[in-house]
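Colleague: I am new to this structure and would like to learn how to read its contacts, core and cavities. Please show me the model and begin with one residue.

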Amino acid sequence: MAEKDQVRPLASISPNRFPTEEQQHHHHHHHHNLHRKKSYAKCCGCITAIILLIAVTFLILAFTVFDVKGPIIKMISVTGDPRQLANLAAVVAGSSNLTLIADMSVKNPNVASFRFGNTTTAVYYGGAEVGEGRNPGGIARARRTMRMNLTVDVSPAKLVAAPGFLAEYGEKSLTMKSFTKIDGRVKILNMVKKKVVVRLNCTVTYNLSSNE
């Protein structure tokens, strides 16, 4: 008797083995969203890094380049006309003033030029103002020192009337005080503009013998 062939049932095909068009679209959309989120995260990271870099750069500039410092002025020497000082009595009797030349320096420590207007200097002796000088404005270059001569006119009548003058004049020495004021401005890269006022209080001992 012939054996009956065993008939094996065919494996059923799962309907989910091959994704449907809707599933493919969903998978593609999910992958696209994931890629977009990663790109967005990278973009945000780059923007944050750039902002931090700019902030740090401006912070460094604020404490270095943009930190405007006041220029430094010094009174180097004061000289006068020896003929006037030798014959001070004739000067007092006349109407002319006693002329002194103040040699000054302006040191600009900033990275930009310091532009200033007229310079004014007041001279005091014995607590009273006896003279005044003015000098035209100028420009102190960045990180450089400029020299300027300031002409000061002193009133001999006020000088002689000050207490203690005759005693000092007899010793060939006059101790005077001066006050100098310079108004200016420092402008950096057209971004930072700062008004600067520089003041100098100075005590000068003038030697009548050497005229200095």
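Modeller: Take phenylalanine 114. Leaving out residues up to four places away in sequence, Phe114 touches Pro71, Val106, Asn108, Gly138, Ile139, Ala140, Ile182, Gly184, Arg185, Val186, Val196 and Val198. A contact here means heavy atoms within 4.5 Å. This is a predicted model, in which local features need pLDDT of at least 70 and side-chain atom pairs count only at pLDDT 80 or more, while totals for chains, interfaces and linings use all residues. Residues are numbered from 1 along each chain as its sequence is written, and side-chain values use heavy atoms, with hydrogens and water left out.

Colleague: Which residues touch the most other members of the largest nonpolar core?

Modeller: A nonpolar core is a set of buried Ala, Val, Leu, Ile, Met, Phe, Trp, Tyr and Cys residues joined through side-chain atoms within 4.5 Å. Buried means under 20% relative accessible area, exposed over 50%, and partly exposed in between, using a 1.4 Å probe and protein chains only. In the largest core, which has 35 residues, Met75, Phe114, Tyr125, Leu159 and Ile182 touch the most other members. Strand β9 supplies the largest share of this core, 6 residues. Strands are DSSP runs of E, at least two residues, and helices are runs of H or I, at least four, numbered from the N terminus.

Colleague: Is aspartate 103 buried or exposed?

Modeller: Asp103 is buried, with a relative accessible area of 14%. Asp103 is found in strand β2, and its side chain is joined to that of Arg147 by a polar contact of 2.5 Å. Such a contact is a pair of N or O atoms within 3.5 Å; within protein, one must be able to donate a hydrogen and the other to accept it, and residues adjacent in sequence count only if both atoms are side-chain atoms.

Colleague: How is empty space found?

Modeller: Rolling a probe the size of a water molecule over the atoms shows where empty space is left. On a 1 Å grid over the protein atoms alone, a cavity is a set of points where a 1.4 Å probe fits but cannot get out, and lining residues have an atom within 4 Å of a point.

Colleague: Which element gives the most to the lining of the largest cavity?

Modeller: That is β8, with 3 residues. The lining includes Met75, Leu100, Met176, Lys177 and Cys202.

Definitions and conventions. 1 Å grid on protein atoms, 1.4 Å probe; cavity = no way out; pocket = protein on both sides within 12 Å on 5 of 7 lines; lining within 4 Å.
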